[in-house]
Amino acid sequence: MRKNKTLIRESFTDRIFLGGVYAYLCIVMLIVLYPLIYIVSASLSSPEAVTSGQVWLWPVDFSLEGYIEVLRNSDVIRGFRNSILYTFGYTVLAVVLTVIFAYPLSRESFYGRTFLMFFILFTMLFYGGLIPEYLVVQKLGMLDTPWAILIPKAMAVWQIIIARTFFQSSVPEELVEASEMDGCSSLKFLWYVVIPLSKPIIAVLALMYAVFQWNSYFDAMIFLKTEALFPLQLELRELLIVQSDSGANMDIAEQQRRKQLANLMKYSLIVVSSLPVLIIYPFAQKYFVKGMLIGSVKG
Amino acid sequence: MFLRYEKGGINLKSATGINQTIKKTNTNKKVTQWYLAKKSFRRHWQLYLLIIPPVLYFIIFKYIPMFGAVIAFKDYNVVQGIMGSPWVGMKHFENFFNNPVAWDLIKNTLYLSLYQLAITFPLPIILALALNEIKDGLFKRSVQMFTYAPYFISTVVIVSMIILMLSPRTGIINTLVEMLGFESINFLGQADMFRSIFVWSDAWQLTGYSAIIYLAALAGVDKQQYEAAKIDGASRIQRIINVDIPGIMPAIVIILILSVGNLMAIGFEKVYLLQNPLNLSTSEILQTYVYKMGIINANFSFSTAVGLFNSIINLILLVLVNAIARRVSGNGLW
């Protein structure tokens, strides 16, 4: 693409500048990568090495003790299972709701869509507040049930707009009219034509919703009391952030050992909990970028 | 970010398509809105049924809470409910502003968000401009992939990483500090460090993600302008200043408006997790206060009043910045 660029030679200052740009990007990349590498390396080291600060880049005294400790922790396992269930249920619900709302909004002949667009955009401008929201959930009897995780955040305005923009540009009005001529109902058309045409956007929506649900902790913290219902992020918060040291009755050496292990486990826990998202990251990256572009820079 | 770009600015009305609908059907028959509605309903009745659940969702979880905010002017109690509780006027607002804590909270909220804006607004623009200068290839793709990755890490995990790495005894940063011969520092225990920790970790996590939008805008800059500038002998820096930056100005303005509009709604979930008794004097912001007073202490009316104050300031800021942006650059959200 830039082959014909040699017609005009880069000046000396330009080459210096370009060198500076490369250096800058290298530094940015190192700053972003270092903490990630450090966490993974620490999680694969021995408890003593981590506590005494010997780990700084690569694993020291390679060991999987941290991971074994994570797998032994029944709270973490339960949280993991809950999170998978919440993420799956929430994603299905959110994608279905978003599609059945965004598709009618994308039809020009759908009377009332201007009003409906305003109706949803307004919720972006003004927020009722945490407490009134909490009172609604309470009134509906959802407190301390899985529904409190699945329903109150079931749709996002931003995602509706992405889906609507996509339907508008890839399901032409002519196609709708042709199918109506053949006696196809709106629902059949949605199911047999629109959905198969819209696989890419459904993937975008599903990934966005799934990552959001997997990573969220706040709703669970305010709506759930029963530990058996806690998602992984809330368990992580307990273990990684608020955890207090127990085990006062043990002898000093054992206590010391426990402390080191607990410290190491935190690193392994971070890796384990981020794993599902990191596995889908290569796919997700492409789709996320696509989704952001559909939604924002149009035309 | 939810609006489309058009020549000379962004127009909410045309984005929603009202104009086309009316123009089309207005040609040979005098049509009333009623007629249009009836026709549309007959044709799309299944779609109207379909949107009932999503519309109900918005009413129940977005609009009812908006009306529920009236409890800010009442003494809410569970027995009488939202409607039945007695009106008390501005009592809760007065209580809040008469409390010296109020000004500390407002100050903390504003300082934190202005600091955050000053750092996390320009960094993605610089990153995007730099990426735009270099050739497509493995290096460019890796930089993008790695800088984007932290966006996918959860808030809980980010905060845990911060706590682990800054830990006074076992953290890597303090190991380094001690190696250099200094006393280890309890970073999270120092109130004056809190803001920097919050803002710079945000920059670490979100710069790559926020750069995407500018990269897309840069891809849309006219290639001929580069060629013309090059032939005229413009250096790379001059091209950035005179071609790239004006090219992405609409995107910059919109992101700025949205960021200022969200000034008072900073990453509350992260602030809450980073809080500890030692840094509370700088880390307590309006929203964490609302959470503590409301959900934990069950002071529903009082904390709704504080939250409402916060939402209204946000709305005013958004409208104000939008007006200024339209004046100055001709671009705005509406």
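This is a predicted model: local features need pLDDT of at least 70, side-chain atom pairs count only at pLDDT 80 or more; totals for chains, interfaces and linings use all residues.
Visitor: Why is α12(B) called oblique to α14(B)?
Guide: Helix α12 (residues 191-219) and helix α14 (residues 236-261), both of chain B, pack at about 140 degrees, with axes 9 Å apart. Roughly antiparallel needs an angle over 145, and roughly perpendicular runs from 65 to 115, so the pair counts as oblique.

Visitor: Which residues of α12(B) make that contact?
Guide: They are B:Ile213, B:Tyr214, B:Ala217 and B:Leu218, and they meet residues of α14(B) including B:Asp244 and B:Ile248. By class, the contact has 8 nonpolar, no polar and 1 charged.

Visitor: And what makes α8(B) oblique to α12(B)?
Guide: Helix α8 (residues 122-133) of chain B packs against α12(B) at about 50 degrees, with the axes 7 Å apart. Roughly parallel is for angles under 35, and roughly perpendicular starts at 65, so oblique is the word here too. This crossing is right-handed. Among the residues in this contact are B:Leu123 of α8(B) and B:Trp200 of α12(B).

Visitor: Now for the two chains. How do you know that A:Glu173 and B:Arg43 meet in a salt bridge?
Guide: Their side chains come to 3.7 Å, N to O. The cut-off is within 4 Å, so the pair counts as a salt bridge. Across the interface of chain A and chain B there are 3 salt bridges.

Conventions: Residues are numbered from 1 along each chain as its sequence is written. Chains are lettered from A and ligands numbered from 1 in the order in which they are written. Side-chain values use heavy atoms; hydrogens and water are left out. Axes are lines fitted to C-alpha atoms, for helices over the stretch in contact, and angles run from 0 to 180 degrees between N-to-C directions. Helices (H or I, at least four residues) and strands (E, at least two) are DSSP runs, numbered from the N terminus. Contact means heavy atoms within 4.5 Å. Ala, Val, Leu, Ile, Met, Phe, Trp, Tyr, Cys and Pro count as nonpolar, Asp, Glu, Lys and Arg as charged, and the others, Gly among them, as polar. A crossing is left-handed if the near helix is turned anticlockwise from the far one by less than a right angle, and right-handed if clockwise.
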